[in-house]
Amino acid sequence: MNLPTFTRRRASADTAKTTATSSVTYDQHHEQSRAAQRHADIWLTIGTALMGTFVLGFIGLPIFLRGVWLQRQAQKAGLSVRPIMVTLIGYLVVLDAFLNSIGWILDLGASHTLITRVFFTAWGNFVDNGYFWHYNELWIGGSSAPGEKGWEVTLIFTVFPMRVAAAIAFLQMKRWGHQWLTVTCWFGVVIWVGYVVNMTMYADIRFDGTVLPVVGWWLYDIFYITPFLAIPYLHTVNREIFSD
Amino acid sequence: MSTSPASTENTGEKELPLGTTPAFAGMHKWLKRGIFVCLFALVVEGAFTVPALALWYGWPTLSFTEICSELMKVRYSDDTVECEHPYPVDGPPFGGKPEAADQTTARDEWGVQPKPDYGRIGFRELIRIHEERIARQEAQNAAPR
């Protein structure tokens, strides 16, 4: 029987009690599966960490893909590893949360460093002048666009950490990870609707004198919809594969 | 494991991934493709954005400090402001004054929905703006002699 790894402790205890003869093979299978998953996870984690830095993404992507490939090989060899989709969604949600958080944390806490003043205002001037207009004039520094600081603080301190915690538990195939990832991915809908409406209300600030207004912003930001893509999966996956 | 998933999966002719039921196999396949597209796109734009912006705004002809200053001059419609680098560490958010505190030169059409009044910055246009100003200043300095 192809038992998933996450039921290890309970399952192996049960197996030990009931079927002493088959426990050896199960344990071996389990050990091999666990080792294979761990090996893949090391590559996946390092890859995601590098992709989370923006500029080192090109180094991170092949490392991440090697992790996915290792996991696929393990699956083909009949080992009990995570489904590829769970791996992809889990790591990508972490990546999305980190990329968003890094940007906003820099705007909140490092608004007067040279790198932030050059690249935030340049990025702002290119696709969203909310990060250029009266930049570093607010007492806290950073973007002065109306509503922006509210979104930054709210999301950095609530949704993104919740999402990372949920994604880690989801990768560990825990039931609460699946449940909380569903909750925090739906939060993503709230974020996008609220943020876009706020931008639209102050569209002159955001897009007057911008190099690539509106379309440029959407081109840049549309790829942050990963959490949206997770929602249909989370609602249609067989929940029994996640353990309590 | 609370119940066996065996009854709900792997019943089709080809083996489905764990957790995917035949009814949603097609949808899961397309979601996976979408996620891969997002992954590649995030990496490509993450890696390209910084160098692309640097080139657009005049690097390496202008240094980062010069780009910072030129952007400030556009933002505040004031040729005299300079990017202060390094900025005092007790600056925002640690209580000090922000860089643009007390500026009065920025042009806006003020109202409940303010409208800024700076122009679009074209490809490497900051270099031209920078060099023209330097030339102007040199001409002014040379004139009295």
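Helices here are DSSP runs of H or I with at least four residues, strands are runs of E with at least two, and both are numbered from the N terminus.

A word on what you are looking at. This is a predicted model, in which local features need pLDDT of at least 70 and side-chain atom pairs count only at pLDDT 80 or more, while totals for chains, interfaces and linings use all residues. Residues are numbered from 1 along each chain as its sequence is written, chains are lettered from A and ligands numbered from 1 in the order in which they are written, and side-chain values use heavy atoms, leaving out hydrogens and water.

Let's begin with chain A as a whole. Its C-alpha trace spans about 75 × 30 × 30 Å along the principal axes. Of its 244 residues, 58% count as buried, where buried means under 20% relative accessible area, exposed means over 50%, and partly exposed lies in between (1.4 Å probe, protein chains only). Take the contacts (heavy atoms within 4.5 Å) between residues at least 6 apart in sequence: 65% of them join residues at least 24 apart.

Now zoom in on helix α4 of chain A, residues 84-109, where you will find Ser101(A). Ser101(A) has a relative accessible area of 12%, so it is buried. A polar atom of its side chain lies 2.7 Å from the backbone oxygen of Ala97(A). Pro161(A) is 60 residues away along the chain, yet the C-alpha atoms of Ser101(A) and Pro161(A) are separated by 9.0 Å.

The aromatic rings come next. Rings of Phe, Tyr and Trp (its six-membered ring) pair if their centres lie within 6.5 Å; planes under 30 degrees apart count as stacked, over 60 as edge-to-face and the rest as tilted. Over all chains, the whole structure holds 21 such pairs. One of them is the edge-to-face pair of Phe64(A) and Tyr91(A), with 6.0 Å centre to centre and 80° between the planes. It links helix α3 (residues 57-76) to helix α4 of chain A, through residues 27 apart, and both partners are buried.

Phe119(A) is buried at 9% relative accessible area, whereas Phe64(B) is partly exposed at 26%.

Technical notes: A polar contact is a pair of N or O atoms within 3.5 Å; within protein, one must be able to donate a hydrogen and the other to accept it, and residues adjacent in sequence count only if both atoms are side-chain atoms.
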